[in-house]
Amino acid sequence: WVIFTIRYLHCKYYNTASMLFQPQNISHPALAQKGPRPPYKNHTICSHLEPTPDEALEDRALLDAIAWPKPPAPTSLNQTSDPVHSLFAILPSKGGRERRVGDQLEALVQMQDFQGRPKRYGGDFLVARLHSPELGAGVAGTVADHLNGSYSALFPLLWEGPAQVTITMVHSSEAVAVLQRLREKRADRFFFQSLFRSGKLSETTVCNMCLPHNRPQEPLCNYTDLHTGEPWYCLKPKRLSCDTRINHFKGGYKKDLVSHKEALLFQRSGAEPSLKNRSIEPGPVKYNPSGYYYKGSWRSFDGTPVRQFDAKLITQCLTSKMINMYGDSTMRQWFEYLTAFVPGEHRHPSLCANDSVAIPHVPLTISNVASELRYVANELDRLPGGPNTVVVLSLWAHFSPFPVEVYIRRMRHIRRALERLLARGPGTLVVIRSANLRALDKEMSLNHSDWFSLQLDRILRNMFMGLAVVFVDAWEMTLAHHSPHNIHPHPDIIKNMISLILTQVCPAKKKS
């Protein structure tokens, strides 16, 4: 049996099917392509860093892959997407037969504005999951935007028993348009500082990428990495030299970058109305997720059963292995989980390093870090690799306030370093963790929205496609889980992620 519920979306009952809609394969004007598109040319804050012709072509392909429709400017907030007025329907199974494990469930959503009028364009950011609290089961759904105000949410039916559908509007199309503008035009909204000191004399100056574009008349200290070419600048202290810089820290966020009207687009609603069902013909699209939860454990669809590891098995698995972990604080979670089980004598003192968008590998949001830091691409080039080497990467959380081109460039350097590592050290296991959803308030939405994370996640998947790496789908693993979204996922999710990785590091022995 199936129970249908939906978050933030209100449903009404209809007497005629024409009240809703059919999925339409139409092109949105914002996404229409007329012939081959020219290579991409960067016009954001780092426009002085010209890509090679091949890089420009790849940039164009990646940006086309994450293209998002821009809505027409509304004349009032009443014309923006309102989940309370929006409509929802569950499609019947073919022939009206009873649903079975292996079938696909499809739900249709028609977005409406605050005046109850159907939206005529797409771009709303919706996420969906099918879950069963009683069974500890859950799977992420996929949402297809038909670019006319209607959306399809698709779910595979993977277990017997109860299930609930939850569809959440994270942002309206109008709110996404604000986020697009901030990312492209106001990347300076997130700024950094460094302390310079010599003897008793000290000064603090502003630092960021591409300061020459923003402050062309002021002298700069250039800390661009000589190997990767990744740019980093600080305004030069008035009385000290550039080599007296001793640390790096977060400066903060610039405020009041959106109007009062735009800020209202990011208010949260907590309504969870019940649903009514309605018969409509299903569409032909088939959705295959990366895995699902059942009885609290993650089951992968790659054909490999996920092993469960206790402290003894973890220690046995990692003995003689060199685990190199690079990333943000979501990677630190993995590190801390493992070190809680692995005795100290089995741990290397530099087991974990961190990466960020700015000065390589320390998370940007911490208050004070040393200036002698290293880029992940450079660190990978120092590894010999081989069958006992494992490289684990989580590279996304601190890139969201910046133009996506910055992320593409950073991932390109890391991809090339991984290609070199895999060539000189055959058998090296590389694990890449995707982005995950987080809790959002107004400020977090404007700077680190899940929409930004989704865009980076798509870039990440495309950048490393075809490379011999294992991908941990943290996006689906957090979306499918019952716990509230958090930048640092619930311990139960971390346990399942670690089990997934250790299954790759130490696969079960094949029976003779």
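Leu454 touches Trp68, Phe125 and Trp475, leaving out residues up to four places away in sequence, where contact means heavy atoms within 4.5 Å. Leu454 and Phe125 are 329 residues apart in sequence, and their C-alpha atoms are 9.9 Å apart in space. Leu454 is buried, with a relative accessible area of 10%. For that word, buried is under 20% relative accessible area, exposed is over 50%, and partly exposed is in between, with a 1.4 Å probe and protein chains only.

Before going on, the basis. This is a predicted model, in which local features need pLDDT of at least 70 and side-chain atom pairs count only at pLDDT 80 or more, while totals for chains, interfaces and linings use all residues. Residues are numbered from 1 along each chain as its sequence is written, and side-chain values use heavy atoms, with hydrogens and water left out.

Now the whole chain. The protein chain has 12 helices and 21 strands; these are DSSP runs numbered from the N terminus, helices being H or I with at least four residues and strands E with at least two. Of the 512 residues in the protein chain, 54% are buried. Among contacts between residues at least 6 apart in sequence, 77% join residues at least 24 apart.

Back to Leu454, which lies in helix 10. I will take two packing partners of that helix.

Helix 8 covers residues 404–424 and helix 10 covers residues 450–463; their axes come within 10 Å and cross at roughly 30 degrees. Axes here are lines fitted to C-alpha atoms, for helices over the stretch in contact, and angles run from 0 to 180 degrees between N-to-C directions. Helix 8 and helix 10 are therefore roughly parallel to each other. On the cut-offs, under 35 degrees is roughly parallel, over 145 roughly antiparallel, 65 to 115 roughly perpendicular, and the rest oblique.

Which residues in helix 8 and helix 10 meet? From helix 8 they are Val404, Tyr407, Ile408, Met411, Arg412 and Arg415, and from helix 10 Leu456, Ile459, Leu460 and Met463. By class, the contact of helix 8 with helix 10 has 8 nonpolar, no polar and 2 charged residues. The classes are these: Ala, Val, Leu, Ile, Met, Phe, Trp, Tyr, Cys and Pro are nonpolar, Asp, Glu, Lys and Arg are charged, and the others, Gly among them, are polar.

Helix 2 packs on helix 10 at an angle of about 65 degrees, with the axes 10 Å apart. That makes helix 2 roughly perpendicular to helix 10. Helix 2 also passes helix 10 in a right-handed crossing. Val176, Leu179, Gln180 and Arg183 in helix 2 meet Trp451, Phe452 and Gln455 in helix 10. By class, the contact of helix 2 with helix 10 has 4 nonpolar, 2 polar and 1 charged residues.

In helix 5, residues 311–318, the buried residues include Ile314, Thr315, Cys317 and Leu318. They cover an arc of only 165 degrees around the axis, which puts them on the same side of helix 5; the arc is that of the directions from the helix axis to the C-beta atoms. Their cover includes strand 16 (322–327), helix 6 (329–339) and helix 12 (491–505).

How much of helix 6 is buried? The count is 8 of the 11 residues, so helix 6 is largely enclosed by the rest of the structure. The buried residues of helix 6 pack against helix 5, strand 16, strand 19 (389–394), strand 20 (429–433), strand 21 (470–472) and helix 12.

In helix 12 we find Val505, which counts as buried at 11% relative accessibility. Leaving aside neighbours within four places in sequence, Val505 is in contact with Cys317, Leu318, Lys321, Val390 and Leu429.

Last, backbone angles. Most residues other than glycine have a negative phi. Ser320, in the loop between helix 5 and strand 16, has a positive phi near 75 degrees. Leu147, in the loop between strand 6 (142–145) and strand 7 (150–156), has a positive phi near 65 degrees. Are these two residues buried or exposed? Leu147 is buried, at 12% relative accessible area, whereas Ser320 counts as exposed, at 57%.

Methods. Left-handed = near helix turned anticlockwise from the far one by under 90°.
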